[in-house]
Amino acid sequence: MTTAAAVVVEQPPLHYLNESYGVRSWLLTTDHKRVGLLYLLSLTGAFFVGGFFAVMLRLELLTPAGDLLQAETYNKFFTMHGVIMVFFFLIPSIPAALGNFILPLMIGARDVAFPRLNLASWYIYVLGAAFTTYAVVSGGVDTGWTFYTPYSTMSSTTQVMPTAIGIFIVGFSSILTGLNFIVTIHRMRAPGLTWFRLPLFVWSLYATSLIQILATPVLAITVMLLGAERLLHVGIFDPAIGGDPVLFQHLFWFYSHPAVYIMILPGMGVISELVTCFSRKTIFGYSYVAFSSIAIAVFGFLVWGHHLFVAGQSVYAAMVFSFLSYLVAIPSAVKVFNWTATLHKGTIEFRTPLFYALGFIGLFTIGGLTGLFLAALGMDVHVTDTYFVIAHFHYIMVGGMVMAYLGGVHYWWPKISGRMYPENLGRIAAFIIFLGFNLTFFPQFILGYLGMPRRYHSYPEEFQVLNVMSTAGASILGIGYLLPMIYLLWSLRYGEPASDNPWNATGLEWQTPSPPPRDNFEHTPVVTTAPYDYPGREVVVD
Amino acid sequence: MIEARFSLPLFPEQASTLAPRVDALLFFLLGVSVFFTVAIAGCLVVFAVRYRRRPGNEVAEQVHGSDRLEIAWSVIPLLLCLVMYVWGAQLYFAAASPPPNALEVTSVGKQWMWKFQHLSGPREINELHVPVGLPVKLLMTSQDVIHSLYVPAFRVKQDVLPGRYTQLWFQATRPGTYHLFCAEYCGTLHSGMIGQVVAMEPAEFQRWLAGGAGASPAASGEKLFSELGCDTCHRADAQARCPDLGGLLGRNVTLANGQTLVADEGYVRESILDPGAKLVAGYENIMPTYQGLVSEEGVLELIAYLKSLPERHP
């Protein structure tokens, strides 16, 4: 016996995940959400490959003697750890995965400005990754991710060229994403969404995109010159054939220092979203936070010489670069103060993304402050090329960017997958990651000041205890990273179905179903208010 | 025994005149950093606890910002940064300006060893003996790729480049044996390109020097000067077709293109390996290149010989 109500089979609503099926529908998709997921998948792969190399490095460094790996293997492992993490994970991480998915939703658009170019950028990424993978499996490369000449052009006998070609190619993927985002933000905002109503994540993606399209071509040029010298023996960098080895460092850091900001700015944008949402507050100092992103992008182009304080550049050049490096510290500090002030008098809800955001602010503060040590000329002479530098940039890149990335993945996971992740497990994982991270990298500050050089396969015995602490921390960190990987996959099937707006957040991305339909919005939304327009008594302070 | 197995140093030895100055800056930077870290982490924790969502605190107070606060927390950090900047630059200048009376030692880095030669002759590999209480200047170059000479106990480091000279100076303050590292990645055995600096009391150092064998670099340079045939043209008499080199180092030189420069070690090295690059006014470009005919050590010996020549007035 059935009643009439029971026979009505409810059609599940069509959304971007179920509107078409099959490998073809994914590989030929022009949907920014699916491209974002393609990136998410490939990035996660890159992260765990890069992580494998990190684990091997830390295991080798358990003992002072070089006993687990050969010196040559160790050198290849730290090179590949750096190359994969920087070029194939950190640079594309938030922009290409989360940015691709969320940016059009956030601004009320149906897609990015150039959907096919967007898909092309993913294929270019995959092609670049293929070259680099070939380099890894056909023997590896041992130059360090920095490819300093003349070692990389005249001395190394490893797979320098396939790796360099991989990096050359993946750069174009980065340029196309940047170009796409800039046009999208200029042309595709919903009616009423003025520049100063944009969520801060959009501002940070805009600043990032500027760097991507302006700096990445210099990397391409540098890699081509490197190839010209290595393959054709054109004397550009090697003094034995008339070149200048320091020229390479100028060119390389002219890209790679701005690239550091490609790796952190989008993370800062994510933190602005998380802090406001989970304290139910409008951001403190919207325009200061927005323009500090632009200031960082602009000043970021003028500080590359601080990587060359002991490289033999002139004393006066060093003084200019030191000064400019201090200037770029200020907008970063301004952001930290504004996030902290945003929490004041909020109503704070302890969900996993907020844990990551608080972790980010704390760790980024330490990473930023230790940057001041490195910008001080006389101090940098002692600590450059030591573990102090390693600790400093891992606090920014891992303590900062990876925390923000995971915070963002958790925050938008209900929108992406239509499912909730397990909250308690999420909090535990965030805590484990925070703990493991500090145990891994804090001892490295001390190691660096003691004088342990980076890229050392074996080291003097007195450094062992701190290295053991670091390796112990790395194993905790490793477990911390595996947990979200497992429970997020689990939640795809068993997670609680997510509502359209599980966080009660204000962004446009929450005003459409989870997961969103193919074209994002049924009706183009109209924006009438500032972002982060949470309820509460308005208080004016001057 | 346990002590030997479990050593956990937290602060490096201070063994040069520069070291306590760098450490003083470290403590200032640490003070500022600890203050801001504690302040920010403290605020985060206090706010998180105090303003947690609970009955009675379900609606936030909406504050859009404060220009005064923004200015305060931009300007105060900027002023602190300026102090760091000036302090750091002063130390850098001090480290970049060797005193004129510094004892000179030449150094050639190669994959994967450090070679040193003292002016009076003794050569060393991966070990450098220096006197305490006297400034020592290293004139350095690399035979292959970039290396970097680093003595943590002295807080000094300088990249060593192929194709040019860089210098580094220090004044040791305490006798002892200190780590010498290569800090710039240079290939397979980079972490094996290490050695030690042995700082000794001056009298002991003199005894050590006297016990060393080998000709002084100036003497070897003089021999090279005639072996390579330099003296057929570079001479003081009427047959000279090239400039006389007595007293050249440190002198102002006018070039054929009208520019002037101070003749330093790098200029002499370039003029031996690429004679036409900076031609002296009044002379023709007739000198052949010695690229490949003389090693980096040879060039350093030639320079030592030129430095030993008296200034001659025609």
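**Exercises on a two-chain predicted model**

A:Asp385 is buried, with 24 other C-beta atoms within 10 Å; a residue is called buried if 20 or more other C-beta atoms lie within 10 Å of its own, exposed if 12 or fewer, and partly exposed in between, with C-beta atoms placed from the backbone. The model is predicted: local features need pLDDT of at least 70, side-chain atom pairs count only at pLDDT 80 or more, and totals for chains, interfaces and linings use all residues. Residues are numbered from 1 along each chain as its sequence is written, and chains are lettered from A and ligands numbered from 1 in the order in which they are written.

**Exercise 1.** Locate the cis peptide bond that joins A:Ser514 and A:Pro515, and the one from A:Thr149 to A:Pro150.

*Solution.* 
Step 1. Between A:Ser514 and A:Pro515, omega is about -15 degrees. A:Pro515 is placed in the loop between α16 and β1 of chain A.
Step 2. From A:Thr149 to A:Pro150, omega is near -5 degrees. The loop that holds A:Pro150 runs between α5 (115–137) and α6 (151–155) of chain A.

**Exercise 2.** Describe the largest nonpolar core and the surroundings of A:Ile271.

*Solution.* 
Step 1. A nonpolar core is a set of buried Ala, Val, Leu, Ile, Met, Phe, Trp, Tyr and Cys residues joined through C-beta atoms within 7 Å.
Step 2. The largest one has 237 residues, and A:Val202 and A:Ile271 have the most contacts inside it. Helix α4 (residues 71–106) of chain A supplies the largest share of this core, 23 residues.
Step 3. Two residues are in contact if their C-beta atoms, placed from the backbone, lie within 7 Å. Leaving aside neighbours within four places in sequence, the contacts of A:Ile271 include A:Trp339, A:Phe360 and A:Ala404.

**Exercise 3.** Explain why α12(A) is described as largely enclosed by the rest of the structure, and give its span.

*Solution.* 
Step 1. Helix α12 (residues 352–375) of chain A has 24 residues and reaches 34 Å from its first C-alpha to its last, close to the 34 Å expected at 1.5 Å a residue. The expected span is 1.5 Å times one less than the number of residues.
Step 2. Of the 24 residues of α12(A), 24 are buried, so this helix is largely enclosed by the rest of the structure.

**Exercise 4.** Characterise the side of chain A that touches chain B, and the strands that join the chains.

*Solution.* 
Step 1. In chain A, 80 residues are in contact with 77 residues of chain B.
Step 2. Helix α11 (residues 315–343) of chain A gives the most to this side of chain A, with 14 residues.
Step 3. The residues of this side divide into 47 nonpolar, 22 polar and 11 charged. Here Ala, Val, Leu, Ile, Met, Phe, Trp, Tyr, Cys and Pro count as nonpolar, Asp, Glu, Lys and Arg as charged, and the others, Gly among them, as polar.
Step 4. Strand β1 (residues 536–539) of chain A and strand β1 (residues 60–63) of chain B run parallel and are joined by 4 bridges. Two strands pair if DSSP finds at least two bridges between them. The bridge partner of A:Arg537 in β1(B) is B:Glu61.

Conventions: Helix = DSSP H or I, 4+ residues; strand = E, 2+ residues; numbered from the N terminus.
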